[in-house]
Amino acid sequence: MPQRKTLTFSQKRKIQAESKKHKKQNKPINNRNAPTNTELNNLLLLHKNKRFYESEQLARSIVKRFPKHPFPWTVLGISLQQTGRITESLTPIQKSVQLAPRDAEAHCNLGATLQELGRFDEAEASCRQAIALKSDFAKAHSNLGATLKELGRLGEAEASCRQAI
């Protein structure tokens with residue numbers, strides 16, 4: 001089973017850095033192209049406190065206004081998944097990858113979601129992309145190992161799990 005998707009330390013750090021940068025003003029980070037630091041902090045706080053239905057609602061509100069900002073898409077997908085709506089979570093997680101193609105976390109989340117949906121070949125590709133972007137990404141190696149196990153490629157699965165460790 002793939003590891004549950006949560007905001008990683010680096011994602012949280014990005015939000016906090018954006019917040020600090022714009023602390024004195026409650027303006028959108030990229031003017032009209034991004035939510036305010038307050039909105040992002042509130043979204044992160046809801047998620048950290050496992051208030052997934054509320055984080056889903058706030059994320060939906062943010063993506064309506066800022067459809068090109070990847071972070072709320074990520075939180076929306078994870079919130080849906082945490083509330084048992086795996087199939088519904090796929091679209092926002094795919095959108096976060098589309099908006100941030102160089103984000104290893106986004107690819108890893110997509111791989112884990114695809115694995116949970118039984119789409120193992122696609123899951124493998126997503127996990128491998130995450131590893132290509134961040135070679136020491138333990139969660140991606142672990143998820144790849146679980147996916148390869150499901151595909152019956154036990155030797156490769158073991159090697160990937162060892163890499164995770």
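Which pattern does the protein chain follow when read along the sequence? Trace the cartoon and you get α-α-α-α-α-α-α-α-α. That is nine helices and zero strands, taken as DSSP runs numbered from the N terminus (helices: H or I, at least four residues; strands: E, at least two).

Some housekeeping: residues are numbered from 1 along each chain as its sequence is written, and side-chain values use heavy atoms, with hydrogens and water left out. This is a predicted model, so local features need pLDDT of at least 70 and side-chain atom pairs count only at pLDDT 80 or more, while totals for chains, interfaces and linings use all residues.

Next, show the surface. The protein chain exposes about 8800 Å², and 51% of that comes from carbon and sulfur atoms (Shrake-Rupley method, 1.4 Å probe). Of the 165 residues, 48% count as buried, meaning under 20% relative accessible area (1.4 Å probe, protein chains only).

Now select Leu40, Leu43, Ala59, Ile62, Val63, Phe66, Phe71, Trp73, Val75, Leu76 and Leu80: these 11 residues form the largest nonpolar core. Such a core is a set of buried Ala, Val, Leu, Ile, Met, Phe, Trp, Tyr and Cys residues joined through side-chain atoms within 4.5 Å. Colour helix 2 (37-48), helix 3 (52-65) and helix 4 (70-82), which each give two or more residues to this core. Helix 4 gives the most, with five.

Zoom in on Leu76. Leaving aside neighbours within four places in sequence, Leu76 is in contact with Glu56, Ala59, Arg60, Val63 and Pro92 (contact: heavy atoms within 4.5 Å).

Last stop: pick Ala104, Cys127, Ala140 and Leu144, which are among the 10 residues of a second, separate core.

How values were computed
Buried < 20%, exposed > 50% of the residue type's maximum accessible area, 1.4 Å probe, protein only.
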